[in-house]
Amino acid sequence: MEDEKLIRSPDMERSQRVPPGQQVTDDMPVLHHGPVQRVDVSKWKFKITGLVQKKVELTFDQFKSLPMVKVASDIHCVTGWSKLDNTWEGVSTGEIKTLVDILPSARFVMVHSVGGFTTNLSMEDFFQPDVIFAVRQNGEPIAPEHGFPVRLVVPRLYFWKSAKWVEGMEFMESDKPGFWESHGYHIRGDPWKEERYDYQ
Ligand SMILES: Nc1nc2c(c(=O)[nH]1)N[C@H]1C(S)=C(S)[C@@H](COP(=O)(O)O)O[C@H]1N2
Ligand SMILES: [Mo]
């Protein structure tokens with residue numbers, strides 16, 4: 001990965017770097033609903049579906065041969081912990097635009113994970129330059145419990161948007177709640193506005 005560039009998430013440059021109601025931790029907690037997914041990369045496919053001219057499916061080898069970038073970002077979990085200075089390597093969401101023609105009616109994205117987890121994002125949030133489909137964290141392949149082989153990282157929203165064990169994404173015309181968003185969490189989840197719960 002010699003051509004990789006480091007993108008620093010702009011939230012790291014804030015003078016108050018930790019959002020309201022958050023505590024900094026040095027650990028990397030493991031949090032998810034259901035079991036850790038054990039993904040067999042020989043069967044795994046990355047699928048781009050929904051409002052696209054033509055659907056695309058990539059094998060893990062094809063996915064890994066896409067151009068890679070490096071992102072530095074902070075993590076803010078809605079349960080109250082923040083972990084600063086993480087580095088991620090992987091495929092920028094912007095790269096998706098080179099793989100498919102997205103129809104003009106598309107305005108939202110649903111990210112799909114092995115095991116059925118989903119999370120929704122506006123296209124604006126999804127295509128920010130610090131959003132990455134990560135294959136490595138802090139120099140090591142993503143561990144199974146943290147989402148091997150591919151996890152999404154959305155630095156500027158609460159960490160539940162950072163889907164583990166990603167296997168695809170679907171472009172949609174209107175927004176709809178994913179897994180946590182339909183279990184009481186906010187439809188968007190901006191930590192700086194403390195968008196934690198859906199009744200807000
Ligand atoms: N597939 C999947 N991804 C998921 C979740 C989940 O339940 N399933 N939980 C989210 C939540 S709530 C958090 S806080 C982070 C935790 O990531 P970590 O275990 O790597 O710390 O994963 C997010 N991604
Ligand atoms: Mo979470």
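These legends walk through several close-up views of a predicted model.

**View 1. The five-stranded sheet.**
Here you see an open sheet built from five strands, in the order S4-S3-S12-S7-S8. The pairing is mixed. Look to the edges for strand S4 (56-59) and strand S8 (118-122), each of which pairs on one side only. On average, neighbouring strands of this sheet are turned by 15° against each other, with direction ignored. As a bit of background, strands of a sheet pair through backbone hydrogen bonds, and they can do so either parallel or antiparallel.

**View 2. S3 and its two partners.**
Zoom in on strand S3, which covers residues 45-50. With S4, strand S3 pairs in the antiparallel sense, over four bridges. In this pair, Phe-46 stands opposite Leu-58 of S4. To get from S3 to S4, follow the hairpin of five residues that joins them. S3 also runs parallel to S12, and four bridges join these two strands. Find Gly-50 here, and you will see its bridge partner in S12, Phe-171.

**View 3. The S7 and S8 pair.**
Now for the strand pair S7 and S8, where S7 spans residues 108-113. The two pair in the antiparallel sense over five bridges.

**View 4. Ligand 1 in its pocket.**
Ligand 1 takes up the space of the largest pocket. There are 19 residues around ligand 1, and those that come nearest are Pro-29, His-33, His-146, Arg-151 and Lys-164. A polar backbone atom of Pro-29 is 2.5 Å from an oxygen atom of the ligand. From Arg-151 comes a polar side-chain atom, 2.6 Å from an oxygen atom of ligand 1. On its own, ligand 1 has 540 Å² of accessible area, and the protein covers 97% of that.

**View 5. Two backbone details in loops.**
Which two residues are joined by a cis peptide bond? They are Phe-148 and Pro-149, and omega is about 5°. Pro-149 lies in the loop between strand S10 (140-141) and strand S11 (151-153). The other detail is Trp-165, which has a positive phi of about 55° although it is not a glycine. You will find Trp-165 in the loop between S11 and strand S12 (166-172).

Conventions. Residues are numbered from 1 along each chain as its sequence is written. Chains are lettered from A and ligands numbered from 1 in the order in which they are written. This is a predicted model: local features need pLDDT of at least 70, side-chain atom pairs count only at pLDDT 80 or more; totals for chains, interfaces and linings use all residues. Side-chain values use heavy atoms; hydrogens and water are left out. Two strands pair if DSSP finds at least two bridges between them. Axes are lines fitted to C-alpha atoms, for helices over the stretch in contact, and angles run from 0 to 180 degrees between N-to-C directions. A residue is near a molecule or strand if one of its heavy atoms lies within 4 Å of it. A polar contact is a pair of N or O atoms within 3.5 Å; within protein, one must be able to donate a hydrogen and the other to accept it, and residues adjacent in sequence count only if both atoms are side-chain atoms. Accessible areas come from the Shrake-Rupley method with a 1.4 Å probe; for residues, only the protein chains shown count as cover. On a 1 Å grid over the protein atoms alone, a cavity is a set of points where a 1.4 Å probe fits but cannot get out, and a pocket is an open set with protein on both sides within 12 Å along at least five of seven lines; lining residues have an atom within 4 Å of a point. A molecule sits in a cavity or pocket if more than half of its atoms lie within 2 Å of its grid points.
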